[in-house]
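Here are my notes on the model, as numbered points. Please read them with the structure open.

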Amino acid sequence: MNEYDSDRIINSLSANPVKNPSDADIIIVNTCAIREKADHKAVSAVGKYKKLKIKNPDLIIGMAGCVAQLYGKKLIKQIPHLDFVIGPREIPKLRDLVFDIKESASHRKINTSMDVEEVFKINPYHKEGKVNGFVSIQQGCNKKCAYCIVPTVRGNEINRPLKEILEESRLLINQGAKELTFIGQTVNSWKYKGERFHDLLDYLQELDGLERIRFTTSFPRDITSKMVSSMKENSKVCRQLHLPVQSGSNRILKQMKRAYSIEWYRDSVQKLKEAMPDLSLSTDIIVGFSDESEKDFQQTMDLIEEIKFDTIYSFKYSIRPGTPGELMNTHINDDVALDRLHLLQSRQREISLENNLKQVNKSYKVLVESATKNNPNEFFGRTSQNKAVYIKDIDKKYIGRIVEITKKQAFQNSFIGELT
Ligand code: SF4
């Protein structure tokens, strides 16, 4: 979501991104507030540019994203060289805001309104010929999980009209995109004028020139049988699903206010796997929420053993301001949570490798995306299951094409392969 917003920021200013900050006229730090660590990092990133502002007083420095939304006024007070803060919903107003600052440098700006009419107005920057792209279909979230700051900083769920989604998709396809990832906080809860997420998948399947459809992040409670059959029937929908479970314990899920039980989650996974046996699953897990006991944590470990996710994004719980979790005084000791996190991550590393090793010497369809950074003779692509594959000694004419690759070597997060 943040990467997408960064590309919208570039487009809204019709900017030419530069590699070296000292060559920039405007520096915007786009931020994430999902964890305490991320928001500290954002503030220190802005601090780094103070010297550049002293050297060049015309330089405009801004902060965008969720940290800007959360602490707007406070940041302007705290950081004298910060010219503006802008929340995620206000990106369509960025161009005017920068123009105002240029006109009158003494005016520092705080744009953090949630009440913006055209939240989807600005499309993201897309480099001509880039094989993959993102399309936002939803902003905000209505779920209100007890630990999560997203509803506070991104507001309630707004679903993008179908027509706009199709228009932006066609635009990216015309610029060379072969694979599009449709994004939203709970993407599969998308609905618009009677159309549901499974209908959207059917419409996207019909887009000429589009070869692959991905979407993220799905909410377990919104997995429906119609969605499962639409995924199965539409050949362009990739065999990959990110389905955050957060905990294997019903007691903790209830405190998290996740609105599903672990039985519901298991049942959804079973239906998905029955329909698509080659589906790759990834998930998010928070360790140490509230009074998570050894037994609760063991249930999470049992779940990962049972489902054998390909990837897990796991974190130690961190208290976020303004969330129900902040008011709970039950949170367990930090060191215990950290030990559990390490245990979980270490077992998951083994599982990811075990899963990958089973795929060696098998053939998969890979969309070749680009040459790798350090070696022009090595190419990078991904399978439908979102597995990264490095391919040596193929012609660059394969970029943007789906080719049959045999996986020759497996690592925890990637493969080396060759043309079949
Ligand atoms: S569904 Fe996701 S984004 Fe929405 S409140 Fe829960 S964790 Fe946050």
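**Notes on the predicted model**

1. The shell around the ligand divides into six nonpolar, two polar and two charged residues. Its members are Cys141, Lys143, Lys144, Cys145, Cys148, Val150, Pro151, Gln185, Thr186 and Phe219. Keep in mind throughout that this is a predicted model.

2. Take Thr186 from that shell. Thr186 sits in the loop between strand 8 (179–183) and strand 9. Is Thr186 buried or exposed? With 21 other C-beta atoms within 10 Å, Thr186 is buried; the cut-off for buried is 20 or more. Beyond its neighbours within four places in sequence, Thr186 is in contact with Cys141, Lys143, Thr217, Phe219 and Asp222. Cys141, Lys143 and Phe219 also belong to the ligand shell. Leu303 lies 117 residues from Thr186 along the chain, and their C-alpha atoms are separated by 22 Å.

3. Check the peptide bond that joins Thr216 and Thr217. This bond is cis, with omega at about 5°. Thr217 falls in the loop between strand 11 (212–216) and helix 9 (225–233). Thr217 is also one of the contacts of Thr186.

4. Ile149 belongs to the loop between strand 6 (138–139) and helix 6 (150–154). Ile149 is buried, because 24 other C-beta atoms lie within 10 Å. What does Ile149 touch, not counting residues up to four places away in sequence? The list is Ala33, Ile34, Cys66, Arg320, Gly322 and Thr323. Gly325 is 176 residues from Ile149 along the chain, yet their C-alpha atoms are separated by 9.8 Å.

5. On domains: the protein chain is divided into domain 1 (2–111), domain 2 (132–357) and domain 3 (363–419). Between the C-alpha centres of domain 1 and domain 3 there are 36 Å.

6. Now helix 7, residues 162–174. Its 13 residues reach 18 Å from first C-alpha to last, close to the 18 Å expected at 1.5 Å a residue. Ile165, Glu168, Ser169 and Leu172 are its buried residues. They cover an arc of only 100° around the axis, so they are on the same side of helix 7. An α-helix has 3.6 residues a turn, so residues three or four places apart point the same way. Lys163, Glu167 and Asn174 are exposed on the other side of helix 7. The cover over the buried residues includes strand 5 (132–136), strand 8 and helix 8 (197–205). Just after helix 7, Gly176 has a positive phi of about 115°.

7. Helix 12 covers residues 294–307.

8. Lys193 has a positive phi of about 45°, although Lys193 is not a glycine. Its loop runs between strand 9 (191–192) and strand 10 (195–196). Lys193 is exposed, because 8 other C-beta atoms lie within 10 Å, and the cut-off for exposed is 12 or fewer.

9. Gln246 is a residue other than glycine with a positive phi, near 75°. Gln246 is found in the loop between strand 12 (240–242) and helix 10. Is Gln246 buried or exposed? Gln246 is buried, with 25 other C-beta atoms within 10 Å.

Technical notes:
Residues are numbered from 1 along each chain as its sequence is written. This is a predicted model: local features need pLDDT of at least 70, side-chain atom pairs count only at pLDDT 80 or more; totals for chains, interfaces and linings use all residues. A residue is near a molecule or strand if its C-beta atom, placed from the backbone, lies within 6 Å of it. Ala, Val, Leu, Ile, Met, Phe, Trp, Tyr, Cys and Pro count as nonpolar, Asp, Glu, Lys and Arg as charged, and the others, Gly among them, as polar. Helices (H or I, at least four residues) and strands (E, at least two) are DSSP runs, numbered from the N terminus. The expected span of a helix is 1.5 Å times one less than its number of residues. Domain bounds come from an automatic or database domain assignment. Two residues are in contact if their C-beta atoms, placed from the backbone, lie within 7 Å. The arc is that of the directions from the helix axis to the C-beta atoms.
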